[in-house]
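Try each task before reading its solution.

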Amino acid sequence: MQQQAGYGIERQINTVMDFLSEASLPAGLGYELDPNDYELLESDLGKSAYKGHNFTKGELGRFKEKVVKGEITEGILLIENVDRFSRLPDYEAIEHFNALIKRGIDVLEVESGQVFSTKLDGTLSKLAVSIERSHQESKRKARLTTRNWEKMKRNALETGKALKNNCPNWLSIRNEQYEVDEAMVAIMKVAFERFAEGYSAASVVRFMNDSNQLINDRKWNTMSIYHMFRNRRLIGYIDKVKYYPAVIEIELFNRVQSMIGSSNKSQKTTQHQRSIFNGITKCALCGSGMIVHSTGKGILYLRCIGERSQNGCKNGLIRYPVVERILLNHINKLDLSRIYNSGNDVSVIGELHNKLASLNHSIQEYQSELEGADDIVVLQLSRVLKKLNTERDELASKIAGHNLTSYEKVDYDIESIVNQENWELRQKANIELKKIIKQIQV
C-alpha cells in the first residue's frame, strides 16, 4: 500500500487505538487489555515488511531483540493485520512470530480480532494461512509498484520537474516545480530543535500539542514524531538520490539521527520519568545499564538489565527512592566550575563544525557521481559513502554533546524533584544531568 505523506501510518494508528478502547479478549488468555496502559512502537515506514527490513532495521526488530534477550517477558502486540507485521515467505515469517509468541508475547490482529498465542488452541494453523496470503499478495503489488515508481523517478531527474506522486505534505507543486509550506516547516523545525536539545520524544509530543503547533490539526504522538525525525525527504533525499528541496538543515537532521540511534540514550515513549538518572546509571559489577523496576505494590527498585540474562549478574535490587535522594544531595554540593574547564569549547565546536561541513560537501559530491555510474564504480562509491556517513554521524554526535554541555551549578529542590508526579521537572533534570554526568556506577 502506498503511503501518502504518512497518512497510511496515521490510519493504522487510529485503527489500532480505536480497537484498544473497546477491545475484548478471549477468556483463555487470562487477562484483559487496559486502554490506558500501552506503548506505541515507532513507525517502520520505509522499512519493508516484504523484505523483512522491519525486523532487521526497524523498531519492530528492536522490540523483538528485547524480547529475545529477556528484557521484555510478557505482553500482547497489537497489529492492524498480519501483512503489516511480516510479508516474508511462510517459514521465515513463522520464525519471527514464534520468537515473540514462545517468549510470552501474544499477537493480536486487529482487522480480524484473531489472537495468536500458545494459550489458545488452533491459532498456529490460522496464522500460517494469513502469512501465505499476505506474502503472495505482496509479491504481486511489489512488482507492479516498483516498475511504475522507478519510471517516475527517472523522468523527474531527466526533466528537472517535480515528482507528482509521493509529494511530501510540506511541499506543493506549481508549474511542475516544488513550493515550500514555510509555516509547516517552521513547526517541524521546533520539534527537531527541541529533541536535539535533549528532550525525549514524549516530551516533544506534549510540548507540540500543548502549544498547538500542529500540522493539519492532527495531534502529535510518539510514532508520528519519530516518523518525521527519520524522514530523509526533509533533507531532499529518496534513498541516495536528491529529488526535493531540503527544508531541515542537514547538520540538525544528522544530530537528531545520532541521538535516536545512540546506544547510551534511552528514548521514552511514555510521559513518566521514573528514574531521573535514566541512561547514565550503570551496574558496577557487569557494566550493563540499570533501569527502575516497579513491583506489583508500586515500590521502585533499581535493577541491572544484565541480571535478567541467562548468566545473570549478581547485583541485587536496590531501593531507588533512597539512591535518588543520596545522589541528588551529593550532586547539589558539587562545584562544577572547578570540575569542568569550558574555556576552549567555542574553538572546539567551531573546528567540529568545519569538519562536518567538509564531510557533508564530500558526501554530496560522491552522491552526485553515483548517477549514471557503472556497477563497479557504484559499488566503490557506496563503500566510500558508507564510511563517510559513519564519520558524519559520529561527528554530529560529538557536536550534539558539546552543544548540550553546561557547567552551571546544579541546584535542585529535593522534595519537589523526588515527587514522581512532577514528571516534567524530572525529565528536565534528566536532560541536565546527562549534560554533566557521563556515568554513575551503582
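**Exercise 1.** Classify Glu-307 by its relative accessible area, then find its salt-bridge partner.

Solution. Glu-307 has a relative accessible area of 29%. Buried means under 20%, exposed over 50%, and partly exposed in between (1.4 Å probe, protein chains only). Glu-307 is therefore partly exposed. Its side chain meets that of Arg-303 in a salt bridge, 2.7 Å from N to O. A salt bridge here is a side-chain nitrogen of Lys or Arg within 4 Å of a carboxyl oxygen of Asp or Glu. Arg-303, at 18%, is buried.

The model is predicted: local features need pLDDT of at least 70, side-chain atom pairs count only at pLDDT 80 or more, and totals for chains, interfaces and linings use all residues. Residues are numbered from 1 along each chain as its sequence is written, and side-chain values use heavy atoms, leaving out hydrogens and water.

**Exercise 2.** Locate the salt bridge between Asp-210 and Arg-206.

Solution. The closest N and O atoms are 3.6 Å apart. Both residues lie in helix H8 (residues 201–210). Helices are DSSP runs (H or I, at least four residues), as are strands (E, at least two), numbered from the N terminus. Asp-210 and Arg-206 are 4 residues apart, about one turn of the helix. Asp-210 is exposed at 59%. Arg-206 is partly exposed at 27%.

**Exercise 3.** Which parts does the pair Lys-189 and Glu-249 tie together?

Solution. Their side chains form a salt bridge at 3.7 Å, N to O. Lys-189 lies in helix H7 (residues 182–196), and Glu-249 in the loop between strand S7 (241–242) and helix H10 (250–261), so the pair ties together parts 60 residues apart in sequence.
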